[in-house]
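Dear colleague,

Please find below the structure that I am handing over to you.

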Amino acid sequence: MSALTIALALLAALSNASASVLQRRAATDESDAGSGARQALRWLVRVLRRPYWLAGAGLLALSTVLQAAALAVGSLSVVQPLMASELLFTLAVGSVVFHRRPDSRTWLAFAALAVGLALFLGAASPSEGRSTAEPGSWLPVGAAVLGVVVVVLGASRLVTGAPRAGLLGLATAVSFAATAALIKEVMGRLGQGVGAVLTQWPLYVALAVGALSFLLLQSAFRAGSLTASQPALTLGDALTSVALGWVLFQEYIGLGVRVLPEAIGVALVGVGSVGLAGAAAGDQWDAAPGERGGAGPDGARSERQRS
């Protein structure tokens, strides 16, 4: 892992975390319009006018540029897991935006997730791999990724609250991982010339999948708290990217004696996930300031928005 790859990935993570917090802040200013495509579209049109949302969109675009630069000089299996540091950036930025620090349980859960992923990545030590995928490998991999997203979205319709936000976060994660893999494919083909890249399919599929990921991200924000959606989104992205890096770009991870620390890392990820599930049920740390319950109209509005 080069210093440039690490720096670009961490800056992308910071920008992405800030975008998530700001867009979640905009979402808390809008009451839930109910279920259905028409209601969701009306909600999205209203939230598009929020300054917090617009600022978040700008940071999301910056994050994409930084991520593409990182993928141009580093492997998918390194860049995407490094972006899991956005979990901690989310807490830091969210504490400033929402004027309330998450409780110690939430901090510990996030720490377990971050340490677990770092341990896994350090032990796995993914190889650099190829700059582009083998011809013909994209079709079966794309079909598998689409199948996973469809199944997770179907499951999300059966639940509400934090579980729904978590499942939507997971569907977004898989879509973001696929987008990152497609971006790496595009960056790997730049050696053929910009004109050649503009006539090939990866760029346009990346834009389409990226747009889908964006819509899924908005649905995850709308469904519930960041403490429910963000871990599934960030860690799902990282782990899916490791799998896609292995299958598409031959970025192999270490096995053998390394399996033990990798397993410990995965166990810590599981512990952190359980802790965050409990925190999400009782801590609305990312609700709008003045709307976390209590007496008066603000408290009543908060309860209506969470119902």
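The model is a predicted one, in which local features need pLDDT of at least 70 and side-chain atom pairs count only at pLDDT 80 or more, while totals for chains, interfaces and linings use all residues. Residues are numbered from 1 along each chain as its sequence is written, and side-chain values use heavy atoms, with hydrogens and water left out.

The protein has 13 helices and zero strands; helices (H or I, at least four residues) and strands (E, at least two) are DSSP runs, numbered from the N terminus. Of its 307 residues, 48% are buried. Here buried means under 20% relative accessible area, exposed means over 50%, and partly exposed lies in between (1.4 Å probe, protein chains only). The accessible surface amounts to about 13600 Å², and carbon and sulfur atoms account for 69% of that surface; these areas come from the Shrake-Rupley method with a 1.4 Å probe, and for residues only the protein chains shown count as cover. Among contacts (heavy atoms within 4.5 Å) between residues at least 6 apart in sequence, 80% join residues at least 24 apart.

Helix H3 (51-73) has 23 residues, which should span 33 Å at 1.5 Å a residue, and its end C-alpha atoms agree with this at 34 Å apart. The expected span is 1.5 Å times one less than the number of residues. Buried residues of H3 include Trp53, Leu60, Gln67 and Leu71.

H3 also gives the most to the lining of the second largest pocket, with eight residues. On a 1 Å grid over the protein atoms alone, a pocket is an open set of points with protein on both sides within 12 Å along at least five of seven lines, a cavity is a set where a 1.4 Å probe fits but cannot get out, and lining residues have an atom within 4 Å of a point. The second largest pocket holds about 550 Å³ of space. Its lining has 25 residues, and those closest to its centre are Thr64, Gln67, Thr179, Ile183 and Gly210. Volumes are the space filled by probe spheres set on the points, with grid points joined across faces, edges and corners. The lining divides into 16 nonpolar, eight polar and one charged, where Ala, Val, Leu, Ile, Met, Phe, Trp, Tyr, Cys and Pro count as nonpolar, Asp, Glu, Lys and Arg as charged, and the others, Gly among them, as polar.

There is one cavity of 30 Å³ or more. The largest cavity contains about 50 Å³ of space, and its lining is made up of Asn16, Gln80, Met83, Ala84, Glu86, Leu233, Thr234 and Asp237. Helix H11 (residues 226-249) gives the most to this lining, with three residues.

Thr5 sits in helix H1 (residues 3-28) and is buried, at a relative accessible area of 2%. Beyond its neighbours within four places in sequence, Thr5 contacts Ala70, Val73, Gly74, Val78 and Val79.

Gln250, in the loop between H11 and helix H12 (259-282), has a positive phi of about 55 degrees although it is not a glycine. Glu134 belongs to the loop between helix H6 (104-124) and helix H7 (138-156). The C-alpha atoms of Glu134 and Gln250 are 9.2 Å apart, although 116 residues separate them along the chain. With neighbours within four places in sequence left aside, Glu134 is in contact with Leu248 and Gln250.

Yours sincerely
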